Amino acid sequence: MILGNLVAITQTSMKRMLAYSSISQIGYILIGLITGDLKGYASMTIYVFFYIFMNLGTFACIILYSLRTGTDNIRDYAGLYIKDPLLSFSLTLCLLSLGGLPPLTGFFGKLYLFWCGWQSGFYLLVFIGLITSVISLYYYLKIIKLILTKKNNEMNPYIQGYITYIIASPTFFSKNPVEFIIIFFCVLGSTFLGIMINPIFSFFENSLSLSVFFY
């Protein structure tokens, strides 16, 4: 958790930042694993399930932007909301959910995970998890702030080409149906799955209780 977030905060590449951020996410997941009880395993499974939506949605946005511009440098995301409001909105929601900001899905996933860790007596790990979550929110919010700022006065040809492409293609869905579907469902999962946390938790808990590992 500590190493992944501290290295991620220094990155200038979006892909590398997300890769190191994923290392910290594994640290959160391990909290549920080391509890050694059914609730801990259920909370870990739920967080992995939620993480698939959050991470896949973020990667889809980053890859789509990279394919259109030829760059994945964080500074080149400045003013993205002007170039592509839909992609900006999707990426913002996925990043905030990864950071665990309420009331998004990531918040509920971390809440259950940390609560199970706390009940099992892993107070220090839960405290570290909370601190590193705040650190991750810091560099996610830095990116979001960059996205929502005005475009740079000097833009490279890739960015200019991206703007031309968007102006020429006002309907994102008609030009990119596959990308739209992937991003739409991932953003939907990253935003609203947390609302159904109780039935999802019960489902995974009941499923795990039937597993051979608990006999």
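Predicted model: local features only at pLDDT ≥ 70, side-chain atom pairs only at ≥ 80, totals over all residues.
**A short walk through the model**

Let me begin with Ile 128, which is found in helix 7, the helix that covers residues 123-147. If we leave aside the neighbours within four places in sequence, Ile 128 is in contact with Met 1 and Ile 2. Met 1 stands 127 residues away from Ile 128 along the chain, and yet the C-alpha atoms of these two residues are separated by 7.7 Å.

Let me turn now to charged side chains. Side chains of opposite charge can pair when their charged atoms come close. In this structure there is one salt bridge, and it is formed by Arg 68 with Asp 84, whose closest N and O atoms are 3.0 Å apart. Arg 68 lies in helix 3 (residues 38-69), while Asp 84 sits in the loop between helix 4 (80-83) and helix 5 (85-99), so the pair ties together parts that are 16 residues apart in sequence. Are these two residues, Arg 68 and Asp 84, buried or exposed? Arg 68 is buried, and Asp 84 is buried as well.

Finally, I would like to move to the surface, where a nonpolar patch is formed by Ile 181, Phe 184, Phe 185, Leu 188, Phe 192, Ile 195 and Met 196, which together have about 690 Å² of accessible area. To take one of these residues, Phe 185 lies in helix 10, which spans residues 177-192, and with a relative accessible area of 48% Phe 185 counts as partly exposed.

Methods: Residues numbered from 1 in each chain as written. Heavy atoms only, no water. Patch = residues over 30% accessible without salt bridge, like charges linked within 9 Å, V, L, I, M, F, W, Y side chains within 5 Å. Areas by Shrake-Rupley, 256 points an atom, 1.4 Å probe, with all protein chains shown as cover. Salt bridge = Lys/Arg side-chain N within 4 Å of Asp/Glu carboxyl O. Helix = DSSP H or I, 4+ residues; strand = E, 2+ residues; numbered from the N terminus. Buried < 20%, exposed > 50% of the residue type's maximum accessible area, 1.4 Å probe, protein only. Contact = heavy atoms within 4.5 Å.
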